[in-house]
Amino acid sequence: MTTTSVLYLFDIDGTLLRAHGAGARSLDAVFAARWGVTGAMRGIDAGGRTDPWLVDQVFVQRLGRHATAAEIDEILAAYVPALARELEASSTLRVLPHVPDVLDALARRDDVHVGLATGNIEAGARVKLGAAGLLDRFAFGGYGCDSADRAALVARAIERGEARAGAPCPRERVVVVGDTVHDIAAARACGVRVVAVATGWTSLETLEAAGADAVMPDLSTLPDWHAATLA
Ligand SMILES: [Mg+2]
């Protein structure tokens with residue numbers, strides 16, 4: 001019997017790890033140095049948003065206009081080394097409970113391909129996952145550098161996952177795993193499944209109301225959900 005592959009697409013912040021503001025502090029530092037803006041990220045809710053969207057929001061809220069594509073690229077190029085320094089200096093990054101075990105369990109299934117669908121740009125994702133010791137767990141992904149629109153980056157992650165699997169993957173066998181209503185909306189826009197986990201900043205009740213296929217207090221029950229739903 002041939003088994004069709006399953007693609008898992010993991011969000012990073014609030015789903016795999018919490019960096020406790022390191023990303024925002026790094027953007028603050030870059031905006032202070034480049035634009036003389038203090039507290040650039042104050043009052044901006046980064047949850048589920050993409051890095052280019054956040055940079056544009058800072059421009060709108062602090063500078064009164066949208067950023068150009070070149071300005072977004074310039075800020076994010078300076079952000080990556082700032083993030084690496086911030087994570088090294090602050091050691092506030094924490095891998096969320098059960099994450100390594102769940103990734104181990106998924107990796108044991110040869111029909112499962114595990115990738116990322118994150119609003120982080122790829123270089124920033126690599127810095128965070130490297131600091132978390134999780135960098136080698138993800139073979140492909142969709143990133144904030146693919147699009148400021150989360151649904152578009154999920155679509156890119158699916159394309160890359162299918163290339164990795166070597167075959168098209170039915171949409172009911174693609175699973176976005178994330179911690180915000182934006183992860184849920186992006187998965188819905190792509191017609192794929194979505195598991196929401198309440199380890200970020202959004203409550204179980206809000207994630208349920210947003211229409212996730214499954215909502216979990218943490219990732220420990222994901223292997224059981226997989227066995228019941230997709231195995
Ligand atoms: Mg998140």
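The model is a predicted one, in which local features need pLDDT of at least 70 and side-chain atom pairs count only at pLDDT 80 or more, while totals for chains, interfaces and linings use all residues. Residues are numbered from 1 along each chain as its sequence is written, and side-chain values use heavy atoms, with hydrogens and water left out.

**The magnesium ion**

Select the magnesium ion together with Asp 11, Asp 13 and Asp 179, which are its protein donors through OD, O and OD respectively, at 2.1 to 2.2 Å. Donors here are N, O and S atoms within 2.8 Å of the metal (3.2 Å for Na, K and Ca), and since water is not among the atoms, sites may look incomplete. Along the chain the donors follow the spacing D-x1-D-x165-D. Asp 11 is buried at 4% relative accessibility, whereas Asp 13, at 22%, is partly exposed; buried means under 20% relative accessible area, exposed over 50%, and partly exposed in between, with a 1.4 Å probe and protein chains only.

**Helix α1 and what covers it**

Now select residues 22-35, which form helix α1; helices (H or I, at least four residues) and strands (E, at least two) are DSSP runs, numbered from the N terminus. The end C-alpha atoms of α1 are 19 Å apart, which agrees with the 20 Å that its 14 residues should span at 1.5 Å a residue, the expected span being 1.5 Å times one less than the number of residues. Colour Ala 22, Gly 23, Ser 26, Leu 27, Val 30 and Phe 31, the buried residues of α1. They lie on the same side of α1, because they cover an arc of only 170 degrees around the axis, taken from the directions from the helix axis to the C-beta atoms. What covers these buried residues includes α2 (51-63) and α3.

After α1 comes Gly 36, whose phi is positive, near 65 degrees.

**Glu 86 on helix α3**

Move to helix α3 (residues 69-90) and select Glu 86, which is buried with a relative accessible area of 18%. Leaving aside its neighbours within four places in sequence, Glu 86 is in contact with Ala 22, Arg 25, Ser 26 and Ser 91, where contact means heavy atoms within 4.5 Å. Ser 91 sits in the loop between α3 and β3 (94-95), and it has a positive phi of about 45 degrees although it is not a glycine.

**The nonpolar cores**

Next, select Tyr 8, Phe 10, Leu 16, Phe 138, Leu 222 and Trp 225, which touch the most other members of the largest nonpolar core, a set of 55 residues. Such a core consists of buried Ala, Val, Leu, Ile, Met, Phe, Trp, Tyr and Cys residues joined through side-chain atoms within 4.5 Å. Helix α3 gives the most to this core, with 8 residues. A second, separate core of 22 residues includes Leu 9, Leu 153, Val 154 and Val 215.

**Ala 187 on helix α7**

Finally, select Ala 187 in helix α7 (residues 181-190), which is buried at 0% relative accessible area. Beyond its neighbours within four places in sequence, Ala 187 is in contact with Val 176, Val 192, Arg 193 and Val 194.
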